Every structure is written in structure tokens, then in C-alpha cells.
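My notes follow in the order of the look-ups.

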Amino acid sequence: MNTIKIKNGSYRNQPVTGMIFNLVKGFQTGAKGGYVTVNADGYFGDTVPDIIRVKVDSIEDLEFV
């Protein structure tokens with residue numbers, strides 16, 4: 001499994017900067033912009049699913065670790 005560092009992104013209007021996650025699905029572009037699917041592993045609390053989409057502006061906001 002690949003590990004990525006998100007340089008600049010957001011999840012439900014919460015900033016996600018400099019955080020490291022396990023990658024589930026690579027960078028994709030949707031109707032509301034770019035995003036990457038990661039395993040957050042409970043980082044955002046128990047009510048949030050483990051697999052989330054983090055919104056990023058471009059693929060340059062990601063770094064493989």
C-alpha cells in the first residue's frame with residue numbers, strides 16, 4: 001500500500017496540511033474539483049468513515065512517502 005503526504009488539502013472544510021495517509025485511490029477530478037481517496041484510520045473522529053476523500057487543488061499537493 002502506498003503512503004502519501006498531503007501538502008495542502010481539506011476534508012469537510014477542515015484543513016489537511018502536512019498529514020500522512022495510506023492511499024486508497026489516486027488523484028481524480030470530480031465535479032467539484034480534484035480529490036484523493038485515503039484511509040484516515042479514525043483521525044477525524046469515530047463518526048467519520050475510515051475511507052475518505054480529501055479535496056486538493058492539483059496533484060502537486062500530494063507527495064509520495
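I took buried as under 20% relative accessible area, exposed as over 50%, and partly exposed as in between, with a 1.4 Å probe and protein chains only. The model is predicted, so I kept to its limits: local features need pLDDT of at least 70, side-chain atom pairs count only at pLDDT 80 or more, and totals for chains, interfaces and linings use all residues. Residues are numbered from 1 along each chain as its sequence is written, and side-chain values use heavy atoms, with hydrogens and water left out.

Strand β5. I found Thr-37 in this strand, residues 33–39; strands are DSSP runs of E, at least two residues, numbered from the N terminus. Thr-37 is buried because its relative accessible area is 8%.

Contacts (heavy atoms within 4.5 Å). Neighbours within four places in sequence aside, Thr-37 touches Leu-23, Val-24, Lys-25, Ile-51, Ile-52 and Arg-53. With the same exclusion, the contacts of Tyr-35 include Gly-26, Phe-27, Val-54 and Lys-55. The C-alpha atoms of Tyr-35 and Lys-55 are 4.3 Å apart, at 20 residues' separation in sequence.

Rings. I searched the whole structure and got two aromatic pairs. Rings of Phe, Tyr and Trp (its six-membered ring) pair if their centres lie within 6.5 Å; planes under 30 degrees apart are stacked, over 60 edge-to-face, the rest tilted. Tyr-11 and Phe-44 are tilted, at 5.0 Å and 45°. Tyr-43 and Phe-44 are edge-to-face because their planes stand at 85°, with centres 5.1 Å apart. I noted Tyr-43 as exposed at 53% and Phe-44 as buried at 16%.

Methods
Helices (H or I, at least four residues) and strands (E, at least two) are DSSP runs, numbered from the N terminus.
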